[in-house]
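Reader: I would like to learn how to read a few features of a protein model. Please give the general idea each time, then the case at hand.

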Amino acid sequence: THTITTDQKRKLAFIGYLLAETHSYRPPTGVIVNAIGRLQRIQLPKLMANLTPVLETLREWRTRLPSDSPPVLLNDHCPICPFRKSCLQQAEKDDSLTLLDRMTPKVMRKSHQRGIFTVNQLSYLFRPRRQRKKRRPRPTGFKLELQALALRTGKIYLHESPCVPACPTEIFLDLEGVTDQGTHYLIGLLVFTEGRTESHSLWADSLEEEGNIFRAMLRIAQDHPDAPIYHYGSFEPRGLDRIAKRIGLSWDTVKSRLVNVNSLVFGKVYFPARSNTLKALGRLVGATWTSPDASGLQSVVWRLQWEVSMDGALKDQILAYNM
């Protein structure tokens with residue numbers, strides 16, 4: 001990989017631990033070489049403390065393996081885990097709290113202490129508060145109980161009315177990139193004007209062309225100076241900021257028009273879905289993707305395969321996914 005991960009640092013620390021155990025020498029540092037040959041020196045003592053609970057568990061397993069399977073905890077690692085399907089099936093069978101996307105292990109432990117073990121049980125805890133006229137407005141938070149209630153009833157709950165700007169022309173933006181490399185190779189735009197849709201797929205063959213597609217995106221946006229630019233999540237503004245900084249170009253005028261649709265939904269609209277991801281909500285309103293395994297992770301795989309093979313079919317898959 002290009003970016004050094006926490007998991008890789010932990011593996012390096014374990015190697016240091018083994019050296020200390022077998023050779024009575026505790027190395028103070030280790031080195032990780034990334035995909036393009038750059039070296040990163042890692043201080044090992046700071047990482048050793050994180051190894052202690054893992055090592056204690058492994059020592060215990062050497063003498064006595066637990067009879068029960070470990071508890072299922074769905075997380076961001078699941079999409080690349082070979083046990084994903086079996087864990088999901090077990091969680092669905094148990095109606096486990098971990099099915100809710102924003103359910104953390106800490107919150108789940110607190111719920112267990114209160115005798116709440118299933119999504120169905122959690123759904124009965126939601127009680128709307130009375131609104132007092134003189135109370136200052138509080139920032140919108142996310143209520144797991146209301147999410148569970150939406151799932152149980154199959155209804156959409158409106159906790160707060162989202163404010164959506166209405167304009168005759170609207171622009172929809174989606175960015176594709178390889179996060180590990182910090183590169184962005186495709187900017188997709190849909191310009192919707194009076195029932196007519198105009199699509200743009202701005203593709204970069206290499207990092208050198210990244211600035212070209214960014215400038216093309218700015219020109220299209222400036223052709224419609226009053227149109228809001230909708231995107232979903234924080235990936236787009238962060239990625240475009242990175243490109244602008246790399247090429248030394250200001251885009252503040254266009255950036256001020258960005259509207260994060262996720263912020264209009266989060267804590268305000270509760271759909272009968274386990275998460276607020278674009279695909280989870282898209283399926284509820286009838287949106288489908290051309291490829292059954294389409295995902296942000298899969299698009300990265302397609303791009304890396306395309307860089308090796310230059311296969312036009314792979315490029316077409318990415319363009320269709322982006323649109």
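Author: Start with a definition: a salt bridge is a side-chain nitrogen of Lys or Arg within 4 Å of a carboxyl oxygen of Asp or Glu. Side chains of opposite charge can pair when their charged atoms come close. Lys255 and Asp241 meet in this way, with 2.9 Å from N to O. Lys255 lies in helix α9 (residues 252-255) and Asp241 in helix α8, so the pair ties together parts that are 14 residues apart in sequence. Helices here are DSSP runs of H or I with at least four residues, strands are runs of E with at least two, and both are numbered from the N terminus.

Reader: What kind of model is this, and how are residues numbered?

Author: It is a predicted model, in which local features need pLDDT of at least 70 and side-chain atom pairs count only at pLDDT 80 or more, while totals for chains, interfaces and linings use all residues. Residues are numbered from 1 along each chain as its sequence is written, and side-chain values use heavy atoms, with hydrogens and water left out.

Reader: Are Lys255 and Asp241 buried, partly exposed or exposed?

Author: Buried means under 20% relative accessible area, exposed over 50%, and partly exposed in between, using a 1.4 Å probe and protein chains only. Lys255 is partly exposed at 33%, and Asp241 is partly exposed at 30%. Elsewhere, salt bridges with shared partners join Asp7, Arg10 and Lys11 into one network.

Reader: How many salt bridges does the whole structure have?

Author: The search finds seven. One of them pairs Glu210 with Arg246, whose closest N and O atoms are 2.3 Å apart. Glu210 lies in helix α7 (residues 210-222) and Arg246 in helix α8 (residues 235-247), so this pair ties together parts that are 36 residues apart in sequence. Glu210 is buried, with 1% relative accessibility, whereas Arg246 is partly exposed at 40%.

Reader: What does Arg64 pair with?

Author: Arg64 forms a salt bridge with Glu60, and the closest N and O atoms are 3.0 Å apart. Arg64 is exposed, with a relative accessible area of 54%, and Glu60 is partly exposed at 41%.

Reader: Which residues does Phe235 touch?

Author: Contact means heavy atoms within 4.5 Å. Leaving out residues up to four places away in sequence, Phe235 touches Leu175, Gly177, Thr179 and His184. Phe235 lies in helix α8 and is partly exposed at 28% relative accessibility. Phe235 and Thr179 are 56 residues apart along the chain, with 9.6 Å between their C-alpha atoms.

Reader: Which residues form a nonpolar patch on the surface?

Author: Patches are made of residues with over 30% relative accessible area and no salt bridge; like charges are joined within 9 Å, and nonpolar side chains (Val, Leu, Ile, Met, Phe, Trp, Tyr) within 5 Å. Here Val54, Leu58, Trp61 and Leu65 form such a patch, with about 400 Å² of accessible area together. Accessible areas come from the Shrake-Rupley method with a 1.4 Å probe, and for residues only the protein chains shown count as cover. Leu58 lies in helix α2 (residues 45-63) and is partly exposed at 41% relative accessibility.

Reader: What does the chain as a whole come to in helices and strands?

Author: The secondary structure comprises 13 helices and nine strands. Of the 323 residues, 35% count as buried.
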